[in-house]
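Here are my notes for your first read through this model. Keep the viewer open and find each residue as you go.

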Amino acid sequence: METTVGLDREALAAWYRQSRERTEALFDSVRPESYEARPIALRNPICFYEGHIPAFAVNTLLKRALGDPGLDAKYETLFERGIDPEDEQHVPEGASRWPSRAAIRAYAAEADRAVLEALESRDIEDEDNPMTRHGLAAYTILEHEPMHQETLSYIWHRLPYDRKIKPAGAAAPILGHEPPLPRTVRIPAGRATLGADPEVFLFSWDNERPAHRVDVDAFAIDVHSVTNRDFLEFVEGGGYADDDLWGDEGAERPAAIHPLFWEMHRGRWFWRGQWALVPLPMAWPVYVTHDEARAYARWKGRRLPTEAEYHRAAFGTPSGIERLHPWGDDPPDATRGNFDCRNADPVPVGSSPLGQSAWGVHDLVGNGWEWTGTPFAGFAGFEPMPTYPVYSSDFFDGKHWVMKGASPTTRKELVRRSFRNWFRGNYPYVYAKFRLASDAS
């Protein structure tokens, strides 16, 4: 969100209403018998999230920032926070009996009324209150919801097709394209800005701060993300069985011998799309874990780019000026990449040439988050944010890895240079692709 003078309350309220409508549509796409299903054992049941999003808004904006007593203490505890267990053995116990959808929606409606009243008329920009300075609590809840919409999307991806309802007008998958030939470009040594400059971005999460510049040595990077065809060579070449490619630095060989999004039926590979199985699209980027991406990179004798190298490849220019986005400073739109929920699945790599960087690198934003080789940690001078102090710091454990860019279901409001995503190295469900890098010769 770019800096403005004062808060545009009308715009904030409109953003909140739009997000709530999008979330409701997501839950309406799940059949009632699956409301308490748990498609991913490492995440809460589906019903939890319909309560969590409004409860988070109440806890963050109304209770902690504005000092209200809250609306329902039981719900605001039950739905307070999601989970990120290391494995299924560490999954905490949830509720023995979840509230009905009608009860959760009744609570959400009450929360929406109170939150909208706060956004429209209460003191949400009190500079003497660290929770509301520059509208911090308001932006926290507004960015929190679209992040969970993406979480819901990949949870929905694991539901059987007869347990969900395809929305009218959903885009058909783009099939039949041949992947481009692999190419690399050399990026010369230079500087990259990591983190969010408060002069540019009014809001940022704590792990994005403080902004700082780093020197980046020259390196080479792939023009395109690794495709399903590329990765098929690794699968058929025995990459999953090669012990030398796995096992160190916490890398974990998955039980399966192929990416989670692939399925074998009658001797043919298919892609498990959101709404249908389709023959494996060879030109789409492969979605894999960090561990799988790193094993493939070793198989190729290369590596994943660092976070700083990603920034240099995405936002740097030959002149030394840095851009807000790979394509320049124009805001994100449909011509720049596959994001903002226009597609439920990837599209062929290189489908958005107007989104390429100054160095000619494609799809650095959109079509899947980009794994980097950088462990998730705070920047020097990191301070937890007062509105959500455990948002980042609980994950500074050496087991989570920085991802950059955006996926097909990342809302455009979250597409900014400084945004950092992260997941465990063995987590297979997220929409995450990768490309290879190497030291410059």
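1. A word on burial comes first: with a 1.4 Å probe and protein chains only, a residue is buried under 20% relative accessible area, exposed over 50%, and partly exposed in between. By that scale Pro-375 is partly exposed, because its relative accessible area is 38%. You will find Pro-375 in strand S8, residues 368-375; helices (H or I, at least four residues) and strands (E, at least two) are DSSP runs, numbered from the N terminus.

2. Please keep the origin of the model in mind: it is predicted, local features need pLDDT of at least 70, side-chain atom pairs count only at pLDDT 80 or more, and totals for chains, interfaces and linings use all residues. Residues are numbered from 1 along each chain as its sequence is written, and side-chain values use heavy atoms, with hydrogens and water left out.

3. Which residues does Pro-375 contact, leaving aside neighbours within four places in sequence? They are His-400, Trp-401 and Val-402, where contact means heavy atoms within 4.5 Å. For a sense of scale, the C-alpha atoms of Pro-375 and Leu-280 are separated by 31 Å, and these two residues are 95 apart along the chain.

4. Now look at His-290, which lies in helix H7 (residues 290-299). Is His-290 buried or exposed? It counts as buried, at 1% relative accessibility. The side chain of His-290 reaches the backbone oxygen of Thr-372 at 2.9 Å. Not counting residues up to four places away in sequence, His-290 also touches others, including Trp-371, Trp-401 and Gly-425.

5. Arg-420 sits in the loop between strand S9 (400-406) and strand S10 (421-424). Despite being charged by class, Arg-420 is buried, with a relative accessible area of 3%. Where does its side chain reach? It comes to the backbone oxygen of Ala-377 at 3.0 Å. Among the residues that Arg-420 touches, beyond those up to four places away in sequence, are Asn-207, Glu-307 and Lys-404.

6. Glu-307 leads us to helix H8 (residues 307-315), which is mostly covered: 9 of its 9 residues are buried. The buried residues of H8 include Glu-307, His-311 and Phe-315.

7. Next, compare two helix pairs. The axes of H1 (residues 9-28) and H5 (residues 136-156) come within 10 Å and cross at roughly 20°; axes are lines fitted to C-alpha atoms, for helices over the stretch in contact, and angles run from 0 to 180 degrees between N-to-C directions. H1 and H5 are therefore roughly parallel, as angles under 35 degrees count as roughly parallel, over 145 as roughly antiparallel, 65 to 115 as roughly perpendicular and the rest as oblique. Among the residues making this contact are Trp-15 and Tyr-16 of H1 and Tyr-139 and Trp-156 of H5. By class, this contact has 12 nonpolar, 3 polar and 4 charged residues; Ala, Val, Leu, Ile, Met, Phe, Trp, Tyr, Cys and Pro count as nonpolar, Asp, Glu, Lys and Arg as charged, and the others, Gly among them, as polar.

8. H1 also packs with H4 (residues 101-121), at an angle of about 165° and with the axes 9 Å apart. H1 and H4 are therefore roughly antiparallel. Arg-17 and Glu-24 are among the H1 residues here, and Arg-105 and Asp-112 are among those of H4. The contact of H1 with H4 has 10 nonpolar, 1 polar and 9 charged residues.

Technical notes:
A polar contact is a pair of N or O atoms within 3.5 Å; within protein, one must be able to donate a hydrogen and the other to accept it, and residues adjacent in sequence count only if both atoms are side-chain atoms.
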